Amino acid sequence: MCVNYVHYFPKVDLEVCKSSVDSATLRDYFDFMRRWELQPTSRDKSWRENYESIEWTPLRAGVLADLYDHAPLSMQCNKSSGVRFPGYWENMSLPRALHPLPEPQRKCDLKNEAIEENQIHDVGETSLN
């Protein structure tokens with residue numbers, strides 16, 4: 001979960017804007033889990049209760065992660081008064097980054113590079129002796 005604060009000028013009547021996985025898509029996911037994975041999810045349960053009903057495996061968690069990466073969004077944008085902005089904000093497509101950040105280097109990669117560098121250094125010292 002991420003929270004971003006944006007400061008802007010000039011002032012507009014925007015209080016908060018947030019997004020979540022489209023409700024219909026998430027409902028379909030829980031229906032799928034009940035029908036095909038025999039998990040005790042239900043349309044009568046809350047979102048939280050449905051998540052807690054699932055016996056999580058790496059495969060099920062991966063399917064959910066894939067859903068989060070590709071499912072449409074539900075947007076909730078409110079004015080300073082707390083009233084929602086007019087318009088249809090459901091089933092919004094995912095925004096795409098125009099300039100993606102480079103993948104961060106993993107700590108284990110850095111450790112392996114340091115070990116390899118030390119081994120090269122040690123071999124060099126041995127041949128000099």
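## Salt bridges and a nonpolar patch

Tyr8 lies in the segment before strand S1 (16-21); strands here are DSSP runs of E with at least two residues, helices are runs of H or I with at least four, and both are numbered from the N terminus. The model you are looking at is predicted, so local features need pLDDT of at least 70 and side-chain atom pairs count only at pLDDT 80 or more, while totals for chains, interfaces and linings use all residues. Residues are numbered from 1 along each chain as its sequence is written, and side-chain values use heavy atoms, with hydrogens and water left out.

Let us stay with Tyr8 for a moment. With a relative accessible area of 38%, Tyr8 is partly exposed, a class between buried (under 20%) and exposed (over 50%), with a 1.4 Å probe and protein chains only. Together with Val6, Val12 and Leu14, Tyr8 makes a nonpolar surface patch of about 350 Å². Such a patch takes residues with over 30% relative accessible area and no salt bridge, and joins nonpolar side chains (Val, Leu, Ile, Met, Phe, Trp, Tyr) within 5 Å; for like charges the limit is within 9 Å. The areas come from the Shrake-Rupley method with a 1.4 Å probe, and for residues only the protein chains shown count as cover.

Now to the charged side chains. Side chains of opposite charge can pair when their charged atoms come close. The structure holds four salt bridges, each a side-chain nitrogen of Lys or Arg within 4 Å of a carboxyl oxygen of Asp or Glu.

One of its partners is Arg34, with the closest N and O atoms 3.3 Å apart. Both residues sit in helix H1 (residues 23-37), three residues apart, or about one turn of the helix. Arg34 itself is partly exposed, at 29%.

Asp31 also meets Arg43 in a salt bridge of 2.5 Å, N to O. Because Asp31 belongs to helix H1 and Arg43 to the loop between H1 and helix H2 (47-53), this pair ties together parts that are 12 residues apart in sequence. Arg43 counts as exposed, with 53% relative accessibility.

Finally, look at Arg60 and Glu37, whose side chains form a salt bridge at 2.9 Å, N to O. This pair links distant parts of the chain, since Arg60 is in helix H3 (residues 58-70) and Glu37 in helix H1, 23 residues apart. Arg60 is buried at 13%, whereas Glu37 is partly exposed at 28%. As for Asp31, Arg34 and Arg43, salt bridges with shared partners join these residues into one network.
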